[in-house]
Amino acid sequence: DVVRQEAQAGVGEKGKTLEFGLGQTAAKTYFQARERIVFEIQIPEAMKLYKATNGHAPKSEEEFTKEILEPNAISLPRLPPGHRYVYDPEQEELFVEHPRGQ
């Protein structure tokens with residue numbers, strides 16, 4: 001059974017396993033801030049520009065990678081094992097799929 005969730009800050013592997021403490025809290029905050037920049041600023045802005053230029057959003061995951069991620073040098077956060085990114089052209093959104101319970 002696979003679960004699909006919106007790609008957003010907190011899905012990345014880095015920072016998930018850190019325990020709370022002064023240094024760890026700062027590191028966790030740093031990784032979450034980087035993820036927020038990717039998911040809340042970089043990708044939406046690149047999508048907006050692409051749609052304005054082409055009249056539509058990317059029509060496939062391959063087109064999303066080739067036209068959104070690569071030219072804008074957007075590096076998606078590494079996901080935990082068993083998780084993967086999936087672009088849904090109908091919803092014009094990036095998701096993370098993973099086995100239920102993970």
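Colleague: How much space lies in the second largest pocket?
Modeller: About 190 Å³. Keep in mind that this is a predicted model.

Colleague: Which residues lie nearest its centre?
Modeller: Phe39, Ile43, Pro44, Glu93 and Leu94, out of 13 residues that line the second largest pocket.

Colleague: And which element gives the most to that lining?
Modeller: Helix 1, with five residues. Strand 3 is in there too, supplying at least two.

Colleague: How does the lining divide by class?
Modeller: Eight nonpolar, one polar and four charged residues.

Colleague: OK, and the largest pocket, what volume does that have?
Modeller: About 230 Å³. It has 11 lining residues, and the closest to the centre are Arg34, Ser75, Leu76, Pro77 and Arg78. By class, that lining has four nonpolar, two polar and five charged residues.

Colleague: Switching to the sheet: in what order do the strands come?
Modeller: The order is 1-3-2, in an open, antiparallel sheet of three strands. Strand 1 (2-6) and strand 2 (84-88) each have a single partner strand, so one side of each is left without a neighbour in the sheet. From one strand to the next, the twist averages 35°.

Colleague: How many bridges join strand 2 and strand 3?
Modeller: Five, with strand 3 covering residues 93-99. Asp88, for instance, has Glu93 in strand 3 as its bridge partner.

Colleague: Last one, where is Gln8?
Modeller: In the loop between strand 1 and helix 1 (22-54).

Colleague: What does Gln8 touch, leaving out residues up to four places away in sequence?
Modeller: Glu35 and Phe39. Gln8 is partly exposed, at 39% relative accessible area.

Notes:
Residues numbered from 1 in each chain as written. Predicted model: local features only at pLDDT ≥ 70, side-chain atom pairs only at ≥ 80, totals over all residues. Heavy atoms only, no water. Pairing = 2+ DSSP bridges. Helix = DSSP H or I, 4+ residues; strand = E, 2+ residues; numbered from the N terminus. Axes fitted to C-alpha atoms, helices over the stretch in contact; angles between N-to-C directions. Buried < 20%, exposed > 50% of the residue type's maximum accessible area, 1.4 Å probe, protein only. Contact = heavy atoms within 4.5 Å. 1 Å grid on protein atoms, 1.4 Å probe; cavity = no way out; pocket = protein on both sides within 12 Å on 5 of 7 lines; lining within 4 Å. Points joined across faces, edges and corners; volume = space filled by probe spheres on them. Nonpolar A, V, L, I, M, F, W, Y, C, P; charged D, E, K, R; others polar.
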